[in-house]
Amino acid sequence: MLLEMASGNFSQRIVRTEEDDELESLAVLINMVAEEMQETLFPKGYINTHHLQQSLNTLSFIVDENFIIHSTIPETYLVLNYDTTSLEGLEFVKILTDSSSQNFDRLLPTILLNEKVSTLSLCYLTSDQKEVLSLFSSISKISNENRFIIHSILADSTESDNNSEDVNSAFRQPKTRRDDARLMQQVYDYILSNLENPLPSLKELSKIFGTNEHKLKEAFKYFFNTSIYQFYNDERLKRVHLLIEQTNMPLKSIAYMNGFNTYPNFSKAFKKKYGYSPNDLKRDNDNL
């Protein structure tokens with residue numbers, strides 16, 4: 001549990017045994033610590049109201065084994081206020097705040113050894129020294145390459161005033177609504193941590209999070225203004241688009257490593273979102 005929190009995962013909880021012993025007391029205590037840290041670090045994550053889905057920004061980077069930035073998506077330059085191409089060749093930690101950079105360096109050995117997705121909290125620094133906290137960040141190794149993809153989701157800073165109002169109003173809401181918000185944040189984190197896997201059914205997800213299908217479906221829609229499947233599909237297609245552009249991995253491999261069971265399903269979903277097929281996307285030969 002401590003290792004999970006050290007990696008930035010504050011959603012995990014130790015299963016209670018309901019035994020009246022010291023081990024159960026310790027489990028309760030550490031679960032409370034995780035919850036308090038999650039509330040402190042990710043306050044906006046608990047109050048994603050109807051407008052927030054439209055104001056989410058995505059940052060994605062391709063970095064080498066030394067975490068030097070090779071490429072990113074256009075949205076990154078806009079959000080972090082950098083000139084185009086000015087990030088290429090820059091150390092990734094240079095665009096993080098001092099505290100986030102130190103935490104990243106401390107966790108780096110664990111990230112490099114992790115064969116799956118590493119999740120952590122990252123706080124970015126814009127070119128004019130403004131801090132931008134990510135709601136969620138993940139780092140995963142690109143198969144058969146000494147490169148990594150860093151994916152961050154953050155709220156639009158222009159919505160900060162509205163979000164501040166949401167924070168205040170959320171804590172004025174009944175406890176049941178706050179509990180729903182915390183539960184949906186856990187679902188949100190789970191989806192982003194498992195983009196490489198097929199999405200479980202609503203029935204399976206409801207069992208994982210100890211709720212019912214109707215509540216899961218309606219509450220996620222309420223807080224994120226989108227369906228669970230649509231959110232999952234949009235986020236993995238964004239990652240797929242970047243991987244096609246910036247790597248030499250076969251399209252089928254990219255499809256399978258991002259949770260698509262068959263290539264035709266992947267191609268159909270990709271074309272529906274972007275208006276062209278994966279084969280039509282120009283690949284950057286400089287990165288091949």
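## Salt bridges

A salt bridge is counted here when a side-chain nitrogen of Lys or Arg lies within 4 Å of a carboxyl oxygen of Asp or Glu. The model is a predicted one. By that rule, two salt bridges are found. Side chains of opposite charge can pair when their charged atoms come close.

How covered are the two partners? Lysine 273 is partly exposed because its relative accessibility is 34%. Aspartate 234 is buried, at 18%, because the cut-off for buried is under 20%.

Another salt bridge links lysine 238 and glutamate 235. Their closest N and O atoms are 3.3 Å apart. Both residues sit in helix H9, three residues apart, so about one helical turn separates them. Lysine 238 is partly exposed, with 29% relative accessibility. Glutamate 235 is buried, with a relative accessible area of 2%.

## Helix H9

Helix H9 covers residues 228–246.

How many residues of H9 are buried? The count is 15 of 19, so the helix is mostly covered, given that buried means under 20% relative accessible area.

## The chain as a whole

The protein chain holds eleven helices and seven strands. It has 288 residues, and 48% of them are buried. The chain exposes about 15,000 Å². Carbon and sulfur atoms supply 51% of that area.

Contacts also reach across the sequence. Take the contacts between residues at least 6 apart in sequence. Of these, 58% join residues at least 24 apart.

The largest nonpolar core has 24 residues. Those with the most contacts inside it are Phe61, Phe67, Phe92, Phe104, Tyr124 and Ile150. Which elements give two or more residues to this core? They are strand S1 (56–64), helix H3 (74–80), helix H4 (98–113) and strand S7 (147–155).

Phenylalanine 104 lies in helix H4. Is phenylalanine 104 buried or exposed? It is buried, with a relative accessible area of 1%. Leave aside neighbours up to four places away in sequence, and phenylalanine 104 touches Phe67, Phe92, Val93, Leu96, Ile111, Leu120, Leu122 and Ile139. One of these partners is phenylalanine 92. Phenylalanine 104 and phenylalanine 92 are twelve residues apart in sequence. In space, their C-alpha atoms are 9.9 Å apart.

Where does H4 bend? The bend is at leucine 107, and its angle is about 50°. A proline, proline 109, follows within four residues. Leucine 107 is one of the buried residues of H4, along with Ser100, Ser101, Phe104 and Ile111.

## A buried serine

Serine 206 lies in helix H7 (residues 202–208). Serine 206 is buried, with a relative accessible area of 6%. Which residues does serine 206 touch, not counting those up to four places away in sequence? The partners are Thr211, Asn212, Glu213 and Leu216.

## Two loop residues with positive phi

Glutamine 129 is not a glycine, yet its phi is positive, at about 65°. Glutamine 129 sits in the loop between strand S4 (123–125) and strand S5 (131–133). Its relative accessibility is 56%, so glutamine 129 counts as exposed.

Asparagine 225 also has a positive phi, near 55°, and it too is a residue other than glycine. Its loop runs between helix H8 (213–224) and H9. Asparagine 225 is partly exposed, with a relative accessible area of 27%.

Notes. Residues are numbered from 1 along each chain as its sequence is written. This is a predicted model: local features need pLDDT of at least 70, side-chain atom pairs count only at pLDDT 80 or more; totals for chains, interfaces and linings use all residues. Side-chain values use heavy atoms; hydrogens and water are left out. The expected span of a helix is 1.5 Å times one less than its number of residues. Buried means under 20% relative accessible area, exposed over 50%, partly exposed in between (1.4 Å probe, protein chains only). A nonpolar core is a set of buried Ala, Val, Leu, Ile, Met, Phe, Trp, Tyr and Cys residues joined through side-chain atoms within 4.5 Å. Contact means heavy atoms within 4.5 Å. The bend at a residue is the angle between axes fitted to the seven residues ending there and the seven starting there. Accessible areas come from the Shrake-Rupley method with a 1.4 Å probe; for residues, only the protein chains shown count as cover.
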